[in-house]
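This report describes a protein model in two parts. Please look at the sequence and the structure before reading on.

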Amino acid sequence: MTSLLSSERLDRTTILSLIDRARAFKNGAKASFPDKIVGLLFMENSSRTRVSFEMAAIRLGANPVFLGPEGSSIQKGETEADSARMLDCLRVDAIVVRTGTEGGPAEIASKVKAPVINAGEGKSDHPTQGLLDAMTLLDHFGSLDGKTVAICGDVERSRVASSNQHILKTLGAIVRLVGPGTEYKDLKTGLKDADAVMCLRVQKEREGASYDYAPYKIDHDSIKFANANAPVLHPLPMNRGVEISSELADDETRSLLWKQMENGLFIRMAVLERAFS
Ligand code: NCD
């Protein structure tokens, strides 16, 4: 019955135990929750987070039930908290929430009995993304103690940047935010001595100032500012040729993009199992 509301509230022990459990699932460990039902309340578009939560529930033997704006009472003006209460009244065993509203998952958690899992909250948080990125970086480096991770581009409007900042720092990494409005406005300076480079999608759909992100594009040339062989990450979906070059994204010697995607399934299995227990 444990919620996952924010990255900030995750301590090192919890992060590492979720990653350990995700690795066990990746290596074939099984768990069975045939009586559990997971409500997925997705107020914003999503491909991988939605499908990987659904898949995670199915892999755990549980059943997912999806509710989004399309075709539901949300289009009649029902609030997301009331929609969550509906799922709760129907006795779902966990509610996974993606919302554009900052504070939305916490508000829902205060109104329902089921544990609530934050699957992306406005510009502020995306804890399972932070966890899967941490798992991917730990798989790559072994330990994050003292490693410098540069998070680049549309930092101001990215919940991926804020989640990773908390989670990676908790694991001992030095996190640098590189982009307009940060202390590293210059890509070359921001990438100097970086052990890993994380690109962010330009968040065109969000409110807030939009800058020229072209100077922050990561490709085979600009990644040379970082340490030799530094891997590149991106939460996906990517704008190919905008924040990352297609060539670098598809270069398996440097790109961890699809490993991140794959780890997302196992992290979400671990998070759901924790919510059920
Ligand atoms: C991210 C999101 O929605 O926050 N996508 C995802 O969950 N993998 C990143 C993004 O859309 O930029």
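Which polar backbone atom is 2.9 Å from a nitrogen atom of the ligand?

## The ligand and its contacts

The model discussed here is a predicted one. The backbone atom in question belongs to Leu236, and the distance of 2.9 Å separates it from a nitrogen atom of the ligand. The protein covers 94% of the 310 Å² of accessible area that the ligand has on its own. For Pro235, a backbone N or O atom lies 3.1 Å from a nitrogen atom of the ligand. Arg98 takes part through its side chain: one of its polar atoms there is 3.1 Å from an oxygen atom of the ligand.

## The surroundings of the ligand

The largest pocket is where the ligand sits. Among the residues around the ligand are Thr49, His126, Gln129, Val160, Arg201, Gln203 and Pro237. Two helices, α2 (48-59) and α6 (159-170), each contribute at least two residues to this shell.

## The sheet

Strands of a sheet pair through backbone hydrogen bonds, in a parallel or an antiparallel manner. In this model, four strands form an open sheet in the order β2-β1-β3-β4, and their pairing is parallel. At the edges are β2 (63-67) and β4 (116-121), each of which pairs on one side only. On average, neighbouring strands of the sheet are turned by 15 degrees against each other, direction ignored.

Strands β1 (residues 37-42) and β3 (residues 94-99) run parallel and are joined by five bridges. Opposite Leu41 stands Val97 of β3.

Notes
Residues are numbered from 1 along each chain as its sequence is written. This is a predicted model: local features need pLDDT of at least 70, side-chain atom pairs count only at pLDDT 80 or more; totals for chains, interfaces and linings use all residues. Side-chain values use heavy atoms; hydrogens and water are left out. Two strands pair if DSSP finds at least two bridges between them. Axes are lines fitted to C-alpha atoms, for helices over the stretch in contact, and angles run from 0 to 180 degrees between N-to-C directions. A residue is near a molecule or strand if one of its heavy atoms lies within 4 Å of it. A polar contact is a pair of N or O atoms within 3.5 Å; within protein, one must be able to donate a hydrogen and the other to accept it, and residues adjacent in sequence count only if both atoms are side-chain atoms. Accessible areas come from the Shrake-Rupley method with a 1.4 Å probe; for residues, only the protein chains shown count as cover. On a 1 Å grid over the protein atoms alone, a cavity is a set of points where a 1.4 Å probe fits but cannot get out, and a pocket is an open set with protein on both sides within 12 Å along at least five of seven lines; lining residues have an atom within 4 Å of a point. A molecule sits in a cavity or pocket if more than half of its atoms lie within 2 Å of its grid points.
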